[in-house]
Amino acid sequence: MPKILYLTEATTVTGRGGSVATTDGRLDLDLSAPAELGGDSGPGTNPEQLFAAGYAACFNTALRATLTKHSLRDCEPVVSARVGIFKHSGGYRLEVAVSAELPGIDREEAERYVTEADLLCPFSDALRGNAVVSVGLAE
């Protein structure tokens, strides 16, 4: 059994049309399903938005660790994650695109750091082989 470094728990009531909260009270949000998924597109957030936010933050952290490892502490990376959902084999699957900007770093070198960060990021690792994922530099 691995040694867990951090553990959190969230609970939802009524799924996409209800609410979600963490047991520590730091997150407490209303949920609304997008019209594209049969919902009312209400004012709440949805699981795909939450996943995009989490993945972007996690990947940015992995990228910053990679840059620090290579003694590049002056670069402030910007990471965006786009998350889509599609029907797949009777269920659903995610399509995820992560794009990173590394100001002041040569494109070829930046691509190497993004690739290295992708191997370090636990969100990337969890999705490998389980979603359609692209990771690269912003255009």
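Trainee: Which residue in E5 does Phe 86 stand opposite?
Mentor: Arg 93. Keep in mind that this is a predicted model.

Trainee: Noted. How do E4 and E5 pair, parallel or antiparallel?
Mentor: Antiparallel, over eleven bridges. E5 covers residues 91–101. Val 79 also has a place in this pairing, opposite Ala 100 in E5.

Trainee: Is Ser 89 buried or exposed?
Mentor: Exposed, with a relative accessible area of 72%.

Trainee: Where else does a positive phi turn up in a residue that is not a glycine?
Mentor: Ser 41 is one case, with phi of about 50°. You'll find Ser 41 in the loop between E3 and H1. Its relative accessibility is 42%, so Ser 41 counts as partly exposed.

Trainee: Back to the sheet. What is the strand order around E5?
Mentor: E4-E5-E6, in an open sheet of three strands. The pairing is mixed.

Trainee: Which strands stand at the edges?
Mentor: E4, residues 78–88, and E6, residues 132–137. Each has a single partner strand, so one side of each has no neighbour in the sheet. On average, neighbouring strands here are turned by 10° against each other, ignoring direction.

Trainee: And how many bridges join E5 to E6?
Mentor: Six, and those two strands run parallel. Val 98, for instance, has Val 135 in E6 as its bridge partner.

Trainee: Helices next. What does H2 lie across?
Mentor: E5 and E6. H2 runs at about 145° to E6.

Trainee: At what angle do the axes of H1 and H2 cross?
Mentor: Roughly 120°, and the axes come within 8 Å. That makes H1 oblique to H2. H1 spans residues 47–69, and H2 spans residues 107–120.

Trainee: Left-handed or right-handed crossing?
Mentor: H1 passes H2 in a right-handed crossing.

Trainee: Which residues make the contact?
Mentor: From H1, they include Tyr 55, Phe 59, Leu 63 and Lys 69. From H2, they include Tyr 113, Val 114, Glu 116 and Leu 120.

Trainee: How do the residues of that contact divide by type?
Mentor: Ten are nonpolar, one is polar and three are charged.

Trainee: Let's switch to the other sheet. What is the order of E1, E2 and E3?
Mentor: E1-E2-E3, again an open sheet of three strands. The pairing is antiparallel.

Trainee: So which strands stand at the edges there?
Mentor: E1, residues 10–13, and E3, residues 28–30. Each of these has a single partner strand, so one side of each is left without a neighbour in the sheet. Neighbouring strands are turned by 15° against each other on average, direction ignored.

Trainee: What about Gly 18? Where is its place?
Mentor: In the loop between E1 and E2. Gly 18 is buried, at 15% relative accessible area.

Trainee: What is Gly 18 in contact with, leaving aside its neighbours within four places in sequence?
Mentor: Val 13, Leu 29, Asp 30 and Leu 31. Take Leu 31: it is 13 residues from Gly 18 along the chain, and their C-alpha atoms are separated by 5.2 Å.

Trainee: Now zoom out. How many helices and strands are there in the chain?
Mentor: Three helices and six strands. Along the sequence the pattern is β-β-β-α-β-β-α-α-β.

Trainee: And what does the C-alpha trace span?
Mentor: About 45 × 30 × 30 Å along its principal axes. The chain has 139 residues, and 31% of them are buried.

Trainee: One last thing. What share of the contacts join residues at least 24 apart?
Mentor: 47%, counting contacts between residues at least 6 apart in sequence.

Conventions: Residues numbered from 1 in each chain as written. Predicted model: local features only at pLDDT ≥ 70, side-chain atom pairs only at ≥ 80, totals over all residues. Heavy atoms only, no water. Axes fitted to C-alpha atoms, helices over the stretch in contact; angles between N-to-C directions. Helix = DSSP H or I, 4+ residues; strand = E, 2+ residues; numbered from the N terminus. Parallel < 35°, antiparallel > 145°, perpendicular 65-115°, else oblique. Left-handed = near helix turned anticlockwise from the far one by under 90°. Contact = heavy atoms within 4.5 Å. Nonpolar A, V, L, I, M, F, W, Y, C, P; charged D, E, K, R; others polar. Pairing = 2+ DSSP bridges. Buried < 20%, exposed > 50% of the residue type's maximum accessible area, 1.4 Å probe, protein only.
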